[in-house]
Amino acid sequence: MTILNHDFLALTLANPNAMAPFQLTFPSGTGVVEETGILRLEPTQTSRVSVVLSAGIHGNETGPMELINQLVRDILAGKLTLGVRLLVIIGHPVAANAATRFCDVNLNRLFSGAWRNYAGIEVQRAERLEMAVNDFYALSSTDSEHIRLHYDLHTAIRGSMHEKFVVHPFVENAHYSKQQLAFFAASEIEAVLLSHQPTTTFSYYSHSVHGAHAFTVELGKVYPFGQNDLSCFAALEKNLRQLLEKGSLAESSLSSLCIFNVLDALVKDDDSYELNIDQDVKNFTQFTEGYPLAQSKKSVYRVKQTGDAIVFPNTNLPVGQRAGLVVRAISVDALSLI
Ligand SMILES: O=C(O)CCC(=O)N[C@@H](CCC(=O)O)C(=O)O
Ligand SMILES: [Zn+2]
């Protein structure tokens with residue numbers, strides 16, 4: 001079996017629920033479609049880099065799916081010579097076809113085994129995606145020189161003061177990879193959010209279980225299929241092509257990056273939970289000290305310091321889930337870089 005027109009996204013969306021595995025060859029290697037939306041590509045030459053590129057963990061975040069589909073198409077067509085091990089994931093084809101973020105439960109809250117505590121169609125998918133990542137990294141060399149990367153590409157519900165930004169997973173030793181940050185700077189990513197607690201996101205899973213340099217990468221605002229301006233991703237696309245071809249990461253000065261500590265995760269603690277923000281407030285909007293940013297019958301959250309800002313505000317979710325992040329800018333010089 002082959003992938004018609006090298007269009008892995010079309011194949012995935014045409015078979016959203018399941019797909020029998022099949023193998024394929026392409027000019028620079030061999031591959032296997034392991035399940036719908038899960039494609040592993042192995043280069044002919046051995047490589048010391050294993051890259052996971054995922055998109056569409058939220059079904060309506062179409063731009064990143066189109067971006068990675070272009071990369072796959074060019075690899076399969078022989079226009080891009082694959083030089084690294086590559087696992088491509090289209091996260092949630094059922095939700096993508098329904099043009100919705102998720103069907104029953106937010107898939108990006110189900111990793112690190114959290115799927116065991118939920119019910120819905122995303123549960124099986126989270127377990128399957130964990131397995132795909134486990135199998136992929138298990139096949140990589142255990143030598144300490146081998147580099148494991150996972151970029152989980154998303155787009156945001158709202159507009160943003162910083163159009164492109166990454167969420168850095170919690171790292172216990174607070175040492176941050178200069179090379180990864182320099183790669184983001186070179187890819188026109190404007191800001192980095194440093195998490196300070198474990199989460200149940202996909203990128204955190206790859207980091208915590210497999211020691212990967214793993215990030216949630218936000219690439220702008222959500223648009224339907226066909227309405228994305230892929231030229232907005234040009235810098236990242238160019239650098240991903242270099243990574244996939246040469247196994248090397250483009251780098252720029254970190255001085256262009258705005259760094260933020262995640263101070264607090266706002267959690268919806270009651271059905272009465274509300275955020276005191278306008279409907280169209282952008283990510284990274286700042287507030288003044290004492291401002292009652294969130295409240296419910298059970299709690300009130302007051303802004304701790306003028307300049308603290310909100311990211312991912314959202315109350316359209318079940319009690320117990322994250323309703324936003326409160327972040328505070330810090331200097332890049334304050335980071336311990338390795
Ligand atoms: O725009 C929003 O509110 C959500 C965009 C999105 O899907 N963000 C990810 C971030 C994951 C992380 O914190 O690493 C998510 O909420 O799952
Ligand atoms: Zn998302």
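UniProt, in an unreviewed entry, lists residues 50-243 as "domain: Succinylglutamate desuccinylase/Aspartoacylase catalytic". The model discussed here is predicted.

User: What is the helix and strand content of residues 50-243, and how far apart are the end C-alpha atoms?

Analyst: The span is 34% helix and 21% strand, and its end C-alpha atoms lie 10 Å apart.

User: Which other domain does UniProt place, and at which residues?

Analyst: The unreviewed entry has "domain: AstE/AspA barrel-sandwich hybrid" at residues 257-328. That stretch is 0% helix and 43% strand, with 14 Å between the end C-alpha atoms.

User: Which residues make the contact of α4 and α6?

Analyst: From α4 come L129, E130, V133 and Y137, and from α6 come F202, Y205, S206 and H210. By class these are 5 nonpolar, 2 polar and 1 charged.

User: How do you know that the residues listed under "binding site" gather at one spot?

Analyst: UniProt lists H58, E61 and H154 under that name in the unreviewed entry. They span 97 residues in sequence, but no two of their C-alpha atoms are more than 7.5 Å apart, so they sit together at one spot. H58 is in the loop between β4 (49-55) and α2 (62-76).

User: What surrounds ligand 1?

Analyst: The residues around ligand 1 include H58 and H154, along with N108, R158, T201, F312 and N314. By class, the shell has 4 nonpolar, 7 polar and 1 charged residues.

Conventions: Residues numbered from 1 in each chain as written. Chains lettered and ligands numbered in written order. Predicted model: local features only at pLDDT ≥ 70, side-chain atom pairs only at ≥ 80, totals over all residues. Near = placed C-beta within 6 Å. Nonpolar A, V, L, I, M, F, W, Y, C, P; charged D, E, K, R; others polar. UniProt positions renumbered as here; feature names shortened; annotations may be inferred. Helix = DSSP H or I, 4+ residues; strand = E, 2+ residues; numbered from the N terminus. Contact = placed C-beta atoms within 7 Å.
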